[in-house]
Amino acid sequence: MRRIAGALVLAASMGGPADASAQFLSFDQCKTGDEVASDQREPYQQAALRFARLAVKQDAAEIHRQLAPDIQRTLTAEQISTTFLLPLAKLTRDLGEPHVAQSFLVASRGSVADRFVMCGVRGASATLGDKVFVAATSVAKQAHVIIEADGANYVMTFVVWLVPGNSDDWRLKGFHAVTTTALGKSAADFQAMARQQRDNGHAFNAAMLFAEAATLGNYGKSFQTGLWRDFEKEWKAFELPAELKGTAPFIWQFDGETFRILNVRPLAFSSRQLAVIIQSETPSLADTAMVRAESQRLIAGFLKKYPEIRDVFDGVVIQASEPGSNKLFGTTETFKK
């Protein structure tokens, strides 16, 4: 959600319609899962599984060889590694075996441009809802496959867009990787929590929970869930608390002291705990005692204004940084419940 500062999307994304609003006369048919005969379905499902395993292995060279020709000409293996794979390294390190969760096959005829096609979802899905909207380009058939793998306290999801190659193989047109659950909760679960906090008048809690829902529900440029489209409408109407309005850096003032805030986000940091992460800027990290004291004053002022943070979150983490440096100094306040 762009309006919420610090909605950190832990994702890598590639590929999407150049102009999804362009629409020409076309006839699209979308079949889901076993609506497609197994001998036709397995090739694109196996191609998607192969990609997910390569992403876990950080094998950028082999991923590059499997790209569709138009994508291959615009991306190098090094770009795939630095832009898409390295940000995922920590999340994919201890994953379970990837498996196919859902797949969609779009068959088209007629004069077509880049667009989105609506597909139904087979079976109950807490993360996808009952319908999705998948990107389609001007080829006769294309597939979107959802691959999932279990992490320690999250589900890692690979959204894979495939088009036919020159023979019977399937080539990678686009992909997105994102965590779609945290602490056993989906985007819809965090959305429900956010609504409750909003209705209770707890705007900061609601903003952080909406941000977590936005992170978990973002399946990339080439794949949107019906839930996500509904979420966006609600988020746009949500009134942010004063501390999160505008764009970062934010200037917070508590008890006569001014703090420069670079980023605010929620983060699930263990199998059971959810924290508010606040990145602040300080002139220097050289005097750690001074930095710690400043961070503690920031926590005290923050909790004084928003005591209801304790109702939803398990702690606050201040990540102090200095200008021109990537170093961080952390100070944590946990809540007893």
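Phe302 is buried, at 0% relative accessible area, where buried denotes under 20% relative accessible area, exposed over 50% and partly exposed in between (1.4 Å probe, protein chains only). The structure is a predicted model, in which local features need pLDDT of at least 70, side-chain atom pairs count only at pLDDT 80 or more, and totals for chains, interfaces and linings use all residues. Residues are numbered from 1 along each chain as its sequence is written, and side-chain values use heavy atoms, with hydrogens and water left out.

A search of the whole structure gives 17 aromatic pairs. Rings of Phe, Tyr and Trp (its six-membered ring) pair if their centres lie within 6.5 Å; planes under 30 degrees apart count as stacked, over 60 as edge-to-face and the rest as tilted. Phe104 and Phe223 form a tilted pair, with 5.9 Å from centre to centre and 55° between the planes. This pair links distant parts of the chain, with Phe104 in strand β3 (residues 99-109) and Phe223 in strand β10 (residues 223-225), 119 residues apart. Helices (H or I, at least four residues) and strands (E, at least two) are DSSP runs, numbered from the N terminus. Both Phe104 and Phe223 are buried.

The rings of Trp252 and Phe302 are stacked, because their centres are 5.8 Å apart and their planes lie at 10°. Trp252 belongs to strand β11 (residues 250-254) and Phe302 to helix α9 (residues 288-305), 50 residues apart. Trp252 is buried, at 1% relative accessibility. Ring pairs join Trp252 and Phe302 with Phe204, Phe254, Phe259 and Tyr306 into a cluster.
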